[in-house]
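Open the model in your viewer and keep the selection tool at hand. Each stop below says what to select and what is there.

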Amino acid sequence: MTTTTNTPPDQERRPRGQRSSVRPGDRNFSFAARAAGVIILIVLAGVAVFLVSEALPAFQADSSEIEGGEGFLSYVWPLVFGTLAAALIALIVATPLALGIALFISHYAPRRMSQWLGYVVDLLAAIPSVVYGLWGIQWLAPNVQGAWVWLADNLGFIPFFEGPASATGRTMMTAGLVLAVMILPIITAVSREVFLQTPKLHEEAALALGATRWEMIRMSVIPFGRPGIIGGIMLGLGRALGETMAVAMVLSTGGFTWSLISSGNNTIAAEIALDFPESSGLKTNTLIAAGLVLFVITLGVNMLARWVVSRRKEFSGAN
Amino acid sequence: MKLSIARRKLAPVAVVGAAALVLGACGSDPDDGSDNSDDGDTTSEEEGSDDGDDTAEEDDTEAAGDDGEEMAGDLSGSLNGAGASSQEAAVQAWIAGFQSQYPDVTVNYAPEGSGAGREQFTSGAVPFAGTDAALDEEEMSAAEAECGAPAVNLPLYIDPIAVPYNLPGVDSLQLGPDTLAGIFNEEITEWNDPAIAEDNPDAELPDTQITPVHRSDESGTTENFVEYLAAASPDVWTHEVSGDWPSDLSGEAGAQTPGVLQAVDAAEGTIGYTSAAAAGDRTTAAIGVGDEFVEYSAEAAAAVVENSPLVEGRADNDLALELARDTTESGNYPIVLVSYTVVCTAYADEATGNLVKEFASYVASDEGQQAAADAAGSAPISPEMQTQVQTVLDSIEVG
Amino acid sequence: MTVTTSTPHESSTLTHDQLHRYVPVGLFVAAGALGAALSAVIGFSLPMFVVLTVVIFAIVLPIVSGVVEGRRKAIDRFVTVLVYMAFVIALVPLVSVIWSVIGNGLSAFSADFLTTSMRNVTGLEDQQTAQEGAPLIGGAYHALMGTLLITALAAAISVPIGLMTSIYLVEYGRGRLARAITFFVDVMTGIPSIVAGLFAAALFAVLFGVGTRNGFAGAVALSVLMIPVVVRSSEEMLRIVPNELREAAYALGVPKWRMILRVVIPTAISGIASGVTLAIARVVGETAPLIVTAGFTSSINTNPFSDWMMSLPAYVYSLAMRPLSGSEPQPSLDRAWAAALTLVIIVMLLNLIARLIAKAFAPKTGR
């Protein structure tokens with residue numbers, strides 16, 4: 001269920017004799033590697049115990065005591081919707097762009113320019129989310145507000161674009177765009193590294209057979225890099241799901257609405273960031289329980305990604 | 001051979017590292033001339049206080065504690081507090097003033113929020129806390145268990161909450177409690193509504209849509225504003241009083257004070273509520289009190305606090321206030337946020353106790369209140385309140 | 001733009017016609033003219049003009065190419081336009097972000113800013129700065145030192161653990177333990193940052209007494225956030241090291257651990273370095289977990305194992321959201337932007353170092 005084995009099959013192929021006479025260096029090294037893994041498990045167990053014990057009162061509490069007065073589920077589902085909507089918008093916008101930039105850097109741009117570009121893209125991953133938040137309010141929101149009005153006027157029959165559009169532009173769509181800009185460098189950086197690792201021989205073989213550049217990319221670069229691309233997307237999605245400050249600052253939060261271009265909705269992470277400092281008692285537990293839900297969502301998404309990658313692992317370089 | 005390549009290529013790394021070390025050695029505290037007699041060399045003292053974290057050893061602070069204010073320079077060590085972010089700017093001013101009096105002292109304040117502040121105070125993690133709401137009974141007993149003596153809430157920070165609006169052409173606006181509640185309740189949706197016109201007989205009101213702006217984060221400002229609406233206009237404002245804006249009201253929302261102001265500035269027809277100090281030169285509404293309309297001012301805010309009774313059923317020296325939101329007294333501005341400084345009435349640790357006592361005394365003093373008023377725009381507490389606070393502080397047992 | 005050689009108009013059964021190298025350029029100019037005309041009809045605006053030009057070009061070039069060169073070339077050209085377009089579109093927000101950081105950050109950025117703390121600076125000084133033009137005092141030295149020390153500690157904890165774990169997963173891992181680790185590393189990527197902070201705070205409260213806050217606690221909180229990123233990215237990089245290299249090393253009788261250290265890691269080092277930089281970049285901007293664990297101060301503290309420590313993101317957040325002086329927020333905002341710029345410069349330097357390390361150890365390859 002969880003994840004199928006990722007071990008390169010070569011280890012099964014290795015001569016049995018090697019294992020019988022393990023060298024001390026090998027033993028120490030593999031012990032250290034395993035110990036590192038176990039440390040992670042211990043830390044996570046600690047976090048899990050902490051999280052569950054803090055979240056438990058929210059699940060046990062009488063439904064009237066939870067904010068909204070209708071129990072934890074009705075409190076959390078609009079937040080789940082908001083979280084997924086923002087992350088999905090970010091992914092839909094960022095993935096094609098990021099792959100485009102990664103391809104541009106690895107296969108289209110002149111060598112010197114591409115190094116420089118890779119550098120700039122890595123840099124962008126480092127800008128603190130507060131800055132993205134400020135940028136989102138001051139630059140992006142006013143600039144895209146017109147587009148949302150247009151959407152409301154022309155595509156208003158779709159529930160997602162139902163008017164009236166927000167007067168300040170600080171909507172779910174804007175927040176999604178800010179998130180997209182934030183995760184762009186992450187997906188780009190990982191995909192770029194993977195594309196650059198494509199065996200030169202594969203590429204040259206494809207070109208030698210008369211493939212155009214795009215056919216070469218489609219036949220050798222993309223299949224080779226697919227697990228890495230998905231890994232990069234997942235890292236980006238992780239950040240998009242968990243991002244707090246940027247969403248909290250850009251979005252004009254409010255109750256649930258289908259419309260993504262009017263003010264309203266909120267994400268789990270932003271709700272935690274906004275309400276946690278002044279909260280006390282059961283509200284704190286409720287917020288941590290919401291954190292637990294976010295945890296489960298990320299987990300589900302990651303499992304899905306692992307499953308996709310494992311189905312495709314025949315292309316992995318370690319094979 | 002391989003090593004030498006590595007060494008050559010890593011040379012720039014070493015250069016960057018060396019630059020970092022140089023930077024590490026040359027930082028200092030700013031020399032702000034005016035009120036800081038001690039300058040330049042505070043870095044070394046800083047580091048000194050880091051090593052001597054265990055300041056409980058210093059005996060001479062005990063004697064100093066008795067003769068009150070006449071002990072400049074004798075205190076040292078560090079004092080940590082946590083709590084409300086609403087009073088952060090004021091606390092920074094107090095810390096600066098206090099540290100200039102006692103250059104060997106470092107006071108830190110983590111603006112994590114009232115809830116976090118109360119929780120850490122009651123669990124003994126910090127010796128003092130700032131909070132927008134006084135400790136409730138449960139927290140009082142938890143704090144008493146931790147301190148070994150009852151805790152007290154001291155109202156040392158008064159911040160009027162202004163109602164800025166963005167309506168070009170309307171330079172002064174008067175709003176009665178019911179009108180204000182109706183606007184934020186989204187029942188009054190246009191600026192030329194008869195209710196607003198009745199409050200403003202002289203103004204020319206446009207038919208612009210009203211966009212009420214609220215805080216998206218949970219905050220003491222929201223809680224105090226909503227508390228006022230519920231007390232002054234109970235028929236119109238029927239929502240529950242909490243630090244979270246009612247979720248069934250839509251409207252625009254902004255994170256923290258700058259977020260609200262940003263939203264108010266961004267579009268015409270908006271109206272919000274923020275700490276008065278931050279409202280700057282934006283147009284703000286005068287609030288209906290009794291038969292007159294009162295603009296916010298430090299005096300008007302301090303007046304309503306002075307006229308408010310203490311919460312009943314508390315310990316004698318506790319100064320938690322029951323704010324008179326529905327006051328009809330002339331010259332009182334009823335929308336205020338009062339933020340408390342919570343301290344124990346006994347400290348087992350001498351050094352900490354003396355620091356808390358001196359720091360709180362400084363905060364309550366004319367000098368401290370004026371420093372906060374200058375820097376953060378808060379309203380100084382009244383002389384009567386100062387006396388009360390000082391009496392409580394003098395009763396703190398140290399050691 | 002992509003045409004390499006031009007062998008114009010020589011029809012034979014084996015070669016196809018190719019567009020002359022100036023044809024795409026000409027088409028682009030034509031698309032620009034058409035775009036200008038169309039947007040002038042609708043009501044001229046620069047974004048509209050640019051969008052129309054690009055769209056027209058993206059449609060016309062493949063059609064022309066399809067007619068002359070055939071379907072496969074047309075698709076290739078279409079994708080090329082798309083890739084360039086993706087790049088340019090993405091550049092707009094990215095450049096705008098960088099521009100606002102640099103443009104806003106430079107006004108308060110100075111040597112003074114980097115070498116002074118905020119001790120005893122209040123809103124009063126800010127008011128004097130804004131109203132009377134007094135020099136801006138107070139800097140980010142304390143926050144800079146805090147961020148450098150806390151991040152260095154966090155990296156010192158997470159990089160060995162993360163790298164060793166990914167080595168375990170790729171080279172050794174099999175069976176239940178490896179699956180559990182993979183699974184739980186995925187779980188860890190979903191920890192909200194405030195939860196990581198609260199966890200570290202609770203851990204230190206248990207270990208060192210209630211209310212313990214110092215830089216090290218902050219580093220532990222950041223490590224919880226950083227480890228999964230290091231593991232995930234280095235795992236991807238190790239996994240794409242071709243197996244032929246491993247087999248070749250084995251064939252030469254190299255022990256496995258030396259093979260990993262001398263063959264696998266050097267081959268993947270540039271990716272690993274980039275991943276570590278990303279991981280640092282991911283945590284260096286965290287605010288909430290650091291306030292909870294490392295505290296908040298305006299004074300200098302250079303000892304991460306005792307007393308409260310400031311960090312740059314907390315500094316930025318606090319000054320931007322709660323200016324020292326409510327009535328004159330501009331000086332505080334200037335400091336916030338300058339601190340953000342400082343943060344970006346730090347990461348830039350880290351990135352540079354990571355690249356230099358990668359370059360020093362990576363084997364020579366075709367690229």
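## Stop one: a buried pair

Select B:Glu112, which is buried, with a relative accessible area of 10% (buried means under 20%, exposed over 50%, partly exposed in between, with a 1.4 Å probe and protein chains only). This is a predicted model, in which local features need pLDDT of at least 70, side-chain atom pairs count only at pLDDT 80 or more, and totals for chains, interfaces and linings use all residues. Residues are numbered from 1 along each chain as its sequence is written, chains are lettered from A and ligands numbered from 1 in the order in which they are written, and side-chain values use heavy atoms, without hydrogens and water.

The term covers a side-chain nitrogen of Lys or Arg within 4 Å of a carboxyl oxygen of Asp or Glu. C:Arg213 is buried too, at 7% relative accessible area. C:Arg213 sits in the loop between helix 8 (193-208) and helix 9 (215-239) of chain C, and B:Glu112 in the loop between strand 2 (105-110) and helix 5 (114-122) of chain B, so the pair joins two chains. Helices (H or I, at least four residues) and strands (E, at least two) are DSSP runs, numbered from the N terminus.

## Stop two: chain A meets chain C

Pick A:Glu215 and C:Arg72. Their side chains form a salt bridge (2.7 Å, N to O). A:Glu215 belongs to helix 9 (residues 213-242) of chain A and C:Arg72 to helix 3 (residues 71-105) of chain C, so this pair also joins two chains. Is each residue buried or partly exposed? A:Glu215 is buried, at 12%. C:Arg72 is partly exposed, at 41%. Over all chains, the structure holds 18 salt bridges.

## Stop three: two domains of chain C

Colour domain 1 (23-105) and domain 2 (129-360) of chain C. The bounds come from an automatic or database domain assignment. The C-alpha centres of these two domains of chain C lie 39 Å apart. Five residues of domain 1 of chain C are in contact with six residues of domain 2 of chain C (heavy atoms within 4.5 Å). Between domain 1 and domain 2 of chain C, the salt bridge count is zero.

## Last stop: helix 2 of chain C

Select C:Val60, in helix 2 (residues 46-69) of chain C. C:Val60 is partly exposed, with a relative accessible area of 31%.
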